[in-house]
Amino acid sequence: MSFTFTNRFGGVSETPFESKNLALHVGDYPQVVLQNREIQEDEIGMPICYMEQFHGNEVVQVEDANFSPRCDALVTTKNKLGLAVLTADCIPLLLRGETCVAAVHVGRAGLMNGVALKTLAAMEELGSERIHGIIGPSICGNCYEVSQEIYNDVILEHPAADSHSRTGKYTLDLVAALKHQISSVVIQDHGSCVKEEKNYFSYRRDGITGRQAGIIWR
């Protein structure tokens with residue numbers, strides 16, 4: 001099993017999607033995005049299955065890369081099939097177990113609706129008992145400012161998300177909250193702040209922008 005996290009570089013998209021935008025829904029030319037996806041498949045040496053993400057908690061098991069299901073988590077037992085989660089501020093969570101792997105899109109909504117927990121349950125149903133997680137680049141707790149109302153709603157259910165005391169603003173640390181939510185899982189944190197580091201796409205920083213990917217395979 002292996003994984004990778006992409007960044008802005010190595011593709012053919014032009015500004016403001018420069019250069020390896022992997023998302024079809026952000027306004028980039030579809031033929032250019034598909035070329036970027038072909039570049040990424042060549043880099044890892046296998047087909048990649050993408051999702052149509054919508055901040056829900058649907059988990060879909062896939063066996064090939066011939067379609068992009070509308071969901072926020074992909075699971076597979078197949079070898080040599082990459083699973084991709086696209087992000088520009090949200091957390092790309094990759095999970096690996098003895099029998100399967102998963103790619104999960106965890107934003108504020110995903111934290112609240114338990115998409116990661118639902119994915120873990122799906123993997124356990126497929127026979128994985130020892131599941132490990134990998135977190136990629138996302139917006140940090142210092143940079144993720146929200147309204148007081150949103151802050152209160154999230155902190156009520158996920159106190160670990162509180163970063164207000166560090167910043168003096170209403171900010172949320174989604175990574176800390178996710179780690180607490182799935183505390184039974186051993187996590188490798190490969191994250192850095194996408195808003196602070198301009199080699200990543202960040203919607204919060206740029207508005208119109210592309211999407212990078214977290215990709216995992218068996």
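In which sense do E3 and strand E4 pair, and over how many bridges? They pair in the parallel sense, over three bridges. The views below come from a predicted model.

**View 1. The E3–E4 pairing.** Strand E4 covers residues 73–76. Across from Val75 in E4 stands Gln61.

**View 2. An open sheet of six strands.** The strand order is E3-E4-E7-E6-E8-E9. Pairing across the sheet is mixed. E3 (59–61) and E9 (186–189) stand at the edges. Each has a single partner strand, so one side of each lacks a neighbour in the sheet. Neighbouring strands are turned by 20° against each other on average, direction ignored.

**View 3. Helices H3 and H6 against the sheet.** H3 (residues 115–125) lies across E3, E4, E6 (91–96) and E7 (101–106). H3 runs at about 170° to E7. H6 (residues 174–181) lies across E6, E7, E8 (132–135) and E9. H6 runs at about 25° to E6.

**View 4. An aromatic pair, Phe3 and Phe5.** The model holds two aromatic pairs. One of them joins Phe3 and Phe5. Their ring centres are 5.8 Å apart, with 65° between the planes. The pair is edge-to-face because that angle is over 60 degrees. Phe3 has a relative accessible area of 22%. Buried means under 20%, so Phe3 counts as partly exposed.

**View 5. Arginines over rings.** The charged end of Arg37 sits over the ring of Tyr50, 3.8 Å from the ring centre. Arg70 lies over the face of Phe54. Here the distance to the ring centre is 4.1 Å.

Conventions. Residues numbered from 1 in each chain as written. Predicted model: local features only at pLDDT ≥ 70, side-chain atom pairs only at ≥ 80, totals over all residues. Heavy atoms only, no water. Phe/Tyr/Trp six-rings, centres within 6.5 Å; stacked < 30°, edge-to-face > 60°. Buried < 20%, exposed > 50% of the residue type's maximum accessible area, 1.4 Å probe, protein only. Lys NZ or Arg CZ within 6 Å of the ring centre and 35° of its normal. Pairing = 2+ DSSP bridges. Helix = DSSP H or I, 4+ residues; strand = E, 2+ residues; numbered from the N terminus. Axes fitted to C-alpha atoms, helices over the stretch in contact; angles between N-to-C directions. Contact = heavy atoms within 4.5 Å.
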